[in-house]
Each structure stands twice: as C-alpha cells, then as structure tokens.
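Please open the structure in a viewer and keep the selection tool at hand.

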Amino acid sequence: MGLKLYHYSVSGPSRAAYMTIKAIGLEVEVVIVDLMKQEQLKEHFLQINPQHCVPTIDDDGFVLWESKAIACYLAEKHGRDDLYPKGLKHRALVNQRLYFDSATFLPHIRAIMHPILFQNVKEIKKPLKDNLNVQLGFLNRFLSDSKWVAGNELTIADISLASSMATVMALDWDLSGFPNVDRWFKQCENIPGFEENLKGAKLYGDAVKRNLQL
C-alpha cells in the first residue's frame, strides 16, 4: 500500500506534514481533501479520520493525524535522528518548539486569518497584530544563538514552524524588527517541499487579502 497523505495545501499543518515527508525522502501518494468544499465531511473520509482534519496519513494501514505526531512518527520510523534527535535534552528542545508552534504561534496566526475569512472582518485588529509580533519576538529570541530553532541543524521543529511562518509572510508581514526570523526563514527555502509550502500559503494569504478593507 505504501504511504498516503490526505492533504490540503492551504492548511499550514498539512504543508508541514508534506515537507516532513519530502525531507525524509519518502515516496507518497497525495490525496487532496478540499476543506473549502467540505470534502473532509464525506463519509469515506470520516471512516478514515472521525475528527475529519488534515493532514492525515495512512502508512500501510496505520492511520495517524496531527502534523506534529506525523512528523515525529515518520522521523522515528525511518531513523532520521538528524531531524528528530534522540538525545534527551535535544529532543526535549525540539518538542518544546513544536508545542510552541501548535499551542502559541499558530493560534495567534489563526486569530488574525479566520475572522477575516469567515466572520466578515475587514481589517487586522491592532491587538491581534501586536500579539503575533510578541510571538515573533519569542521566535527571534530562539534563533539568537543558533542557526535553526532547536540548534544548529535542521529539525522537524523548523519544518513545522516554517509552514506557519509561510502563512504569516503571505500577508506581507514586516520582519524588520525580527532579523533572526528573517535570516532563518530565508534559509528555510532549502527545505524539500518548501516551494509547495509557499504556494499553499499564498493561496491562504490571497484569500484573506481579498476580504480586507483596502
């Protein structure tokens, strides 16, 4: 059967799973699940994932969702200790950066995007912009003494955060106050699958921009 990825490129977490698969060098069958057409609610997909979210993988019958869980599983399975280090403290740091993305960074991005897309909001509210800049400040601090977010080698934490950051940059965000983030994001261009990441983020950003009051 091989590896199958249920994917929608507008979704940052789905893009993270895609880049992880490419970074590991795996063959994958990509199945598009168009969230805007509510294809995730079709019965055949609900049978695969009752939480009806992407990304979801089917690895020879083993089904898993949540992008961070997918990244950890695939890196562990395929022995990619460079992407997901085995050392206790290094792995803990990678995990912390992953949790920062899922619990802090990404929710602040969605707090800006979703009201504009789904609630007829026509501007990015200043408190929301300020809150996201606070999170960018944390990320800038993480990168103050290392090349990547969890050390001097690329890990799945970088891949995860790069998918979220691509969404931010699709809104033409000003990074002049975050030079470490700017430097890091530019080097993320070398991550396999990063071009597809940018394309998906652009679709997301363009949809938001169309709804903004100009």
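Helices, of at least four residues, and strands, of at least two, are DSSP runs numbered from the N terminus. The model on display is a predicted one.

Select Asp 60, which is placed in the loop between strand 3 and strand 4 (62–65). Asp 60 is not a glycine, yet its phi is positive, at about 55°. Next select His 52, in the loop between helix 2 and strand 3. His 52 is likewise no glycine and has a positive phi of about 45°. With a relative accessible area of 33%, His 52 is partly exposed. Then move to Pro 55, found in the loop between helix 2 (43–48) and strand 3 (56–59). The peptide bond that joins Val 54 and Pro 55 is cis, with omega about 5°.

**Second stop: the two annotated spans**

Select residues 1–82, which an unreviewed UniProt entry annotates as "domain: GST N-terminal". This span is 37% helix and 21% strand, and its end C-alpha atoms lie 27 Å apart. Now select residues 87–212, where UniProt, again in an unreviewed entry, places "domain: GST C-terminal". Here the composition is 71% helix and 0% strand, and the end C-alpha atoms are 46 Å apart.

Display the largest pocket, whose volume is about 770 Å³. Its lining consists of 30 residues; Ser 11, Leu 35, Arg 110, His 114 and Tyr 204 are those nearest its centre. Helix 1 (12–24), helix 3 (67–77), helix 4 and helix 8 (194–211) are the elements that give two or more residues to this lining. Which helix gives the most to the lining of the largest pocket? Helix 4 does, with 9 residues.

Select residues 126–142, the 17 residues of helix 5. Colour Leu 132, Gln 135, Leu 136, Leu 139, Asn 140 and Phe 142, the buried residues of helix 5. These residues cover an arc of only 150° around the axis, and therefore lie on the same side of helix 5. What do the buried residues of helix 5 pack against? Their partners are helix 4 (88–118), helix 6 (156–169) and helix 7 (179–187). Turn the view to the face away from the buried side, where the exposed residues Lys 126, Pro 127 and Arg 141 are carried.

**Last stop: Pro 192**

Follow the chain to Pro 192, in the loop between helix 7 and helix 8. Is Pro 192 buried or partly exposed? A relative accessible area of 35% makes Pro 192 partly exposed. Setting aside residues up to four places away in sequence, Pro 192 touches Met 19, Lys 22 and Ala 23. Finally, draw a distance from Pro 192 to Leu 117, 75 residues apart along the chain: their C-alpha atoms are separated by 29 Å.

Terms used. Residues are numbered from 1 along each chain as its sequence is written. This is a predicted model: local features need pLDDT of at least 70, side-chain atom pairs count only at pLDDT 80 or more; totals for chains, interfaces and linings use all residues. Side-chain values use heavy atoms; hydrogens and water are left out. The expected span of a helix is 1.5 Å times one less than its number of residues. Buried means under 20% relative accessible area, exposed over 50%, partly exposed in between (1.4 Å probe, protein chains only). The arc is that of the directions from the helix axis to the C-beta atoms. Contact means heavy atoms within 4.5 Å. UniProt positions are given in the numbering used here, feature names are shortened, and annotations may be inferred rather than shown by experiment. On a 1 Å grid over the protein atoms alone, a cavity is a set of points where a 1.4 Å probe fits but cannot get out, and a pocket is an open set with protein on both sides within 12 Å along at least five of seven lines; lining residues have an atom within 4 Å of a point. Grid points are joined across faces, edges and corners, and a volume is the space filled by probe spheres set on the points.
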